[in-house]
Amino acid sequence: MCDYLLFENATGYALFEVIEAEDIGTNLEKVQDSVLDLSRFGKMVKLKAFVPFKSAEEALGNINDISEGVVNPTLSGFLEQNLPKAKSVKKCSYTLGVSDSKIGTGIQEALNMKCNAAEKVVMELMRGVRLHFATMMKDLEEADIKKSQLGLAHSYSRAKVKFNVHKSDNMIIQAIALVDQLDKDINTFAMRVREWYSWHFPELVKITTDNIMYARVAHFLGKRTSMTAAGVDTAEKLEQLEAITMDSTMATSILEATKSSMGFDISDIDMQNVSLFTEKVVSLADYRTKLHDYLSAKMSAVAPNLSTLIGEVVGARLISHAGSLTNLAKYPASTVQILGAEKALFRALKTKGNTPKYGLIFHSSFIGRAQQKNKGRISRYLANKCSIASRIDCFAEETTDVFGTKLREQVEERLKFYETGDAPRKNIDVMREAIKENGLSGDGAESEGAADGKKAKKAKKEKKRKAEEAEPEAPAAKKAKKEKKEKKQKHPKQAKK
């Protein structure tokens with residue numbers, strides 16, 4: 001149970017005294033029944049002190065500290081002024097009820113005041129204070145309290161989701177999701193264009209195999225007779241078609257096919273709808289290209305090492321699947337390796353089959369270049385390097401892609417090792433090179449490496465010494481000891497003399 005209650009509000013800190021704390025603590029049902037009735041609840045809890053916040057900035061700062069469990073000068077001064085001081089938590093003669101255990105721990109460490117946030121009675125009393133706070137505070141109006149709460153809620157939310165230019169991984173998550181959605185939609189729409197326009201000009205399907213190129217050509221041609229109609233400069237049209245297809249042979253083949261097409265004629269209104277649809281497909285394809293450039297720029301700013309190592313698209317998919325760059329950095333390499341193949345993993349565990357070797361990193365070019373027998377090994381190695389790169393990107397103060405370049409070289413060397421047997425460089429040597437190229441001092445790393453080497457050498461000597469001590473005695477010494485023991489047993493008197 002508690003003797004006092006600390007209540008944090010958008011307007012300030014309030015301290016309430018609990019009357020007859022011992023009786024209340026033993027009767028939870030009585031407290032729950034009286035919470036809704038102010039006349040009964042007012043007999044249990046009485047306002048002792050209140051300190052208002054002077055500005056919205058001060059209120060935001062105090063609430064941020066409360067959420068993080070930090071006791072700032074405003075709160076500590078308020079409690080020290082209104083509560084008796086204690087030399088230690090054990091010697092504290094009263095208990096302070098708080099709404100959160102985190103701030104309770106902070107108060108105990110900073111002010112040696114005994115705090116309680118776990119008991120149900122404390123939570124019920126806090127609920128009653130929150131419900132009747134506007135009525136119990138006679139100097140404050142309920143409308144002002146609500147305005148303060150609304151303003152503080154907006155400020156607190158804005159501060160929590162504050163846009164960080166350097167670590168805006170949320171923009172990457174949204175961009176890669178849109179890229180994937182556009183890929184599906186463009187493919188579906190392009191197939192619809194092929195099916196629709198093929199009724200009019202079926203020969204174009206075999207000449208132009210690319211979906212987007214097909215849509216561009218269909219939009220340019222319109223009716224197939226547009227290039228050979230009377231009064232049309234066929235040579236000029238052919239040049240424009242060559243600019244679209246970027247292939248003179250393809251443009252000539254299309255022109256020849258328009259002269260002897262087997263498709264049926266189409267009306268102007270139908271052709272207008274087909275042209276509008278092809279225009280939309282082309283514009284979506286152009287936007288997809290711009291979005292990919294935007295994603296590449298964002299990845300270079302947020303996760304340069306990861307994007308250099310595994311590519312912008314695959315790196316963005318890893319960040320998106322993990323939820324954020326910070327979450328990805330916290331994952332071990334084994335989790336990164338199968339990220340995106342969770343269904344296959346749990347199915348394999350359920351059926352006791354083979355677990356998947358790779359997830360999203362399968363789309364990396366390294367996995368495709370490896371031989372079938374080495375795909376699992378290279379995926380494990382690549383996941384290890386991705387984990388290192390994501391941690392560097394997440395926690396490094398300065399952004400650089402030097403480490404990503406070096407890690408990529410290591411993966412290339414490992415691929416070469418699987419093919420030819422050439423031994424790759426050690427990781428510590430590669431990291432020293434990266435640190436040196438990045439302009440940082442490598443002495444620390446070298447001294448740490450030397451210290452680690454000395455420790456390993458010392459541990460090896462100690463292990464050898466213990467093994468020698470534990471080693472059984474030589475057979476000859478054993479035999480001599482046994483003979484001496486038997487002689488003592490046969491002639492005990494001689495042995496005494």
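Helices (H or I, at least four residues) and strands (E, at least two) are DSSP runs, numbered from the N terminus. The model is predicted: local features need pLDDT of at least 70, side-chain atom pairs count only at pLDDT 80 or more, and totals for chains, interfaces and linings use all residues. Residues are numbered from 1 along each chain as its sequence is written, and side-chain values use heavy atoms, with hydrogens and water left out.

**Figure 1. The loop residue Lys 352.** Lys 352 lies in the loop between helix 19 (342-351) and helix 20 (365-369). Although Lys 352 is not a glycine, its phi is positive, at about 60°. Most residues other than glycine have a negative phi. With 78% relative accessibility, Lys 352 counts as exposed (over 50% relative accessible area; buried is under 20%, partly exposed in between; 1.4 Å probe, protein chains only).

**Figure 2. The loop residue Met 246.** The loop between helix 12 (234-245) and helix 13 (248-259) holds Met 246. Met 246 has a positive phi of about 55° and is not a glycine. Its relative accessibility of 68% makes Met 246 exposed.

**Figure 3. Arg 40 in helix 3.** Helix 3 (residues 38-44) contains Arg 40, which is partly exposed at a relative accessible area of 39%. Leaving aside residues up to four places away in sequence, Arg 40 touches Lys 30, Asp 33 and Ser 34 (contact means heavy atoms within 4.5 Å). Lys 30 is 10 residues from Arg 40 along the chain, and their C-alpha atoms are separated by 9.9 Å.

**Figure 4. Glu 124 in helix 7.** Glu 124 is part of helix 7 (residues 120-136). The residue is buried, with a relative accessible area of 14%. Its contacts, not counting residues up to four places away in sequence, are Leu 28, Val 31, Gln 32 and Val 35.

**Figure 5. Helix 9 against helix 14.** The axes of helix 9 (residues 169-198) and helix 14 (residues 268-302) come within 9 Å and cross at roughly 155°. Axes are lines fitted to C-alpha atoms, for helices over the stretch in contact, and angles run from 0 to 180 degrees between N-to-C directions. The two helices are therefore roughly antiparallel (over 145 degrees; under 35 is roughly parallel, 65 to 115 roughly perpendicular and the rest oblique). Their contact has 24 nonpolar, 2 polar and 5 charged residues (Ala, Val, Leu, Ile, Met, Phe, Trp, Tyr, Cys and Pro count as nonpolar, Asp, Glu, Lys and Arg as charged, and the others, Gly among them, as polar).
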